Amino acid sequence: MISKQAVANPAIGLTTDEARHRLEQDGANTIIDVKQNALLHALKKLWAPVPWMLEAAILLQLFLGDYVEAGVVALLLVFNAAVGIFQEGRAKATLETLKSRLALIAPVRRDGEWTNVDAAELVTGDVVKLSLGAIVAADVRLIEGSVLLDQSMLTGESLPIEAGAGAETYAGALVRRGEALAEVTATGGRTKFGRTAELVRTASVESSQQKTVFSVVRNLVLFNGAVTVMLALYAFFLRLPFTEIIPLLLVAVLSSIPVALPSMFTLAAAVGARALARRGVLPTSLSAVDEAAGIDVLCADKTGTLTRNELAVMSVRPFGTFDEAHLLALAALASSDGGKDPVDAAIRLAASTKPIADKPELVTFVAFDPALKRSEAVFRQSGGMVQKVLKGAFSTIEGLSLCPPAAASAANELQAKGYRVLAVAAGSEKNLVMIGLIGLSDPPREDSAALVAELKNLGVRTVMVTGDAALTAQVVAATVGISGQIYATAPLPDDIAAERYAVFAGVLPEDKYRLVKALQKDGHLVGMCGDGANDAPALRQAQMGIAVSTATDVAKSAAGVVLTEPGLSGIVTLIKEGRTTFQRILTYTLRSVTHKVVQVLFLVVGLVLTGHAILTPMLMVIMMVTGDFLAMSSSTDNVRPSQTPNTWRIRNLTVAGVVMGIVDLMFCVASLAVGKYELGLQTEALRTMAVVTLVFSGQAVLYVSRERRHLWSSAPSRWLVASSVADIMIISILATNGILMTSLPIGILCGVSAAALALAFILDTVKLALFRHLAVS
């Protein structure tokens, strides 16, 4: 890499040969693009705990020659992989957007001549021209001239800055006014813009879905694995032939797999995403929907997120005989009409809302001069008198006009509120008098304060993060209801105690990214809300990245959620829908843990009672297809979102599932014992009765699990009821007609059904005690 060098002669620039040499050494002025192989991306979906167990089951079935059953399990494996593939790949889209934000063509001086080159060909030391409306193509240092620069998309500063010779600016900044020559100081990945893109590319956080599925499978493998070992030992003790032992172990493996759990996460999130889309919230990543349930800290960018990202006149202080309307009218005469200067646009807009009858006539206008730090105009009053008006910084106008005694204290008062203060003077050329002050600011959105208050009621703490100065940040924070200590030192240290602060001011993209990681390290689930490219790394790193409706394409690509309508009420909607989705997934997960524990333990009891495997691989596959997948209809169930952030307490959930499973097991054992000793059923008929018992009791477990209170506290959704009816009907038809199993009289099925209803009320009582003790909510 070539070190930064001053160009030998700005009037000549680099030679073509020197530029080519530096391009070869430094590389192109582009962002590194790392493409992911599509095939490898798909194969990764088959390399996880649930796929491993399904793959082991497929191999065992092929070894036994059960090709139909192996095919069905293989379809389940492919289904799980397919529904999850589209959730990833956002980093590439973000990088593409970042690259498109850079200027495509740049005017550069080479060999003493001006020429246009692709921005990718710029090198350190090049002399470039910055003109009105241009996007700065690399990090540069101004050599001559002056420009008004909008750097909000990178630094988060809401106000454009005046830049003259010696000032530095960054790739991606927009020239709002003026013209200047500048020397390139950094290109490609070494620019601030490039470092932002690299942070986006490398930012990642393990989703709660990944951790939850892994934890559930781990716990089931540990518990059911131990049971399976005992099952195998007992089978050997009974001297069962290998032709029975291997299918028995295969059934044990299949019984342990929560086969549809990953798909349930996806389906429930998809249902939530559709509901959010109807309300102006667009999830670009399904995982963001269920992540929203656990968010307990929301990092909100100030500019464009909590505020409107547009300057507005917030205070008008006229002096002497002038009123607000006449002060604004004269200030508007000294403001450019139709330009891109946001200060002038805000003043002209404010003046238009307070029209006056004796409006003065503009004679001449002189635009803002960075060297003089003021703009001016000559106007003719309604009586014909010609006078002059000046508008600029208070310190500038103070030195050019007669200043009222109260002017200085008024200016200090406005500055203490975080306003940008302009002074206006008018009168004859030699007798200018300061006629008033105008305070401008980027005002908070109308709904920001209500959002912060409602989030607090939901157990979510809002933290403001901004590139603006501490004083401005403090004023806005107080306005929207964010209270607490302010941290205003950049860069943020790696060991910062982030929990102690409510406002972070003067931060850069790396700091926002580092802040999110620090909060995550402290155990928080973090939401990040922003609108600019400067927010992209943090949006990508956060569990829930949210881009507001006015966000740049870069921010929208990096975020997991995009608000498509103005305002921030969508954030509250997102969190509530996320908690609804969580409750639906929790229902299915608890049902899966309980049912899988019952199935494996039931194999042991069945072997003890009958001396044979009580379930065959085919029967197990039938229950997996009808039970596990139909139960995914709980993704549409009617649930109540909690009032506090949700977290996965897998240990407590497993304990609850095991205890409820043992109660269910007692029911299943009693049913099997009645079939064997009271009804005198033979082994094949007992297998059918085992399937019917597991299916009917599984429905009882599902309806008990769906409510955190009594099972009758809320009505289930129509889809859930329909799937339950379908599950019961399918198994009943197969059992009574002897399809794929030995037939049973319909009276036995009715008896098991009635007993399962009684089981539901018993389980409900046990559940309430467990949930209170284990804090499952």
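I began with β20 (residues 544–547) and β21 (residues 561–563), which run parallel and are joined by two bridges. Ile546 is the residue that stands opposite Val561 in β21. For my own reference, two strands pair if DSSP finds at least two bridges between them. Helices (H or I, at least four residues) and strands (E, at least two) are DSSP runs, numbered from the N terminus.

Ground rules before I go on: this is a predicted model, where local features need pLDDT of at least 70 and side-chain atom pairs count only at pLDDT 80 or more, while totals for chains, interfaces and linings use all residues. Residues are numbered from 1 along each chain as its sequence is written, and side-chain values use heavy atoms, with hydrogens and water left out.

**The eight-stranded sheet**

Which sheet do β20 and β21 belong to? I found them in an open sheet of eight strands with mixed pairing, in the order β8-β21-β20-β19-β9-β16-β18-β17. Its edge strands are β8 (281–283) and β17 (485–487), each pairing on one side only. From one strand to the next the twist averages 25°. Angles here run from 0 to 180 degrees between N-to-C directions, and axes are lines fitted to C-alpha atoms, for helices over the stretch in contact.

Then I checked what lies across this sheet. Helix α18 (residues 470–480) lies across β16 (461–465), β17 and β18 (501–504), and runs at about 150° to β16. Contact means heavy atoms within 4.5 Å.

**The six-stranded sheet**

I also looked up an open sheet of six strands, with antiparallel pairing and the order β10-β15-β14-β13-β12-β11. β10 (312–318) and β11 (361–369) stand at its edges with a single partner strand each, so one side of each has no neighbour in the sheet. The twist averages 20° from one strand to the next. β11 and β12 (residues 374–380) run antiparallel and are joined by six bridges; Leu362 stands opposite Phe379 in β12.

Which helix lies across β10 and β11? I got α13 (residues 324–333), which also lies across β12, β13 (386–393), β14 (420–428) and β15 (431–441), running at about 95° to β15. α13 is mostly covered, with eight of its ten residues buried, among them Leu327, Leu328 and Leu330. Buried means under 20% relative accessible area, exposed over 50%, and partly exposed in between (1.4 Å probe, protein chains only).

**β7 and its partners**

I traced two antiparallel pairings of β7 (residues 174–186): four bridges join it to β3 (residues 127–130), and eleven bridges join it to β4 (residues 139–150). In β7, Ala180 is the bridge partner of Leu130, and Ala182 stands opposite Leu142.

**Helices**

α9 (residues 242–256) and α22 (residues 569–610) pack at an angle of about 160°, with axes 8 Å apart. That makes α9 roughly antiparallel to α22 (under 35 degrees counts as roughly parallel, over 145 as roughly antiparallel, 65 to 115 as roughly perpendicular and the rest as oblique). On the α9 side I listed Leu248, Val251, Ala252, Leu254, Ser255 and Ser256; they meet Lys596, Gln599, Val600, Leu603 and Leu607 in α22. The contact residues divide into seven nonpolar, three polar and one charged.

Is Lys596 buried or exposed? Lys596 counts as buried, at 1% relative accessibility. Leaving out residues up to four places away in sequence, Lys596 touches Leu220, Asn224, Leu254, Ser255, Ser256, Ile257, Pro258 and Asp628.

Arg651, in α24 (residues 650–678), is exposed, with a relative accessible area of 62%. I noted a C-alpha separation of 9.3 Å between Arg651 and Leu774, 123 residues apart along the chain.

**Whole-chain tally**

I counted 27 helices and 21 strands in the protein chain. Buried residues make up 55% of its 777 residues.

Note on methods: Nonpolar A, V, L, I, M, F, W, Y, C, P; charged D, E, K, R; others polar.
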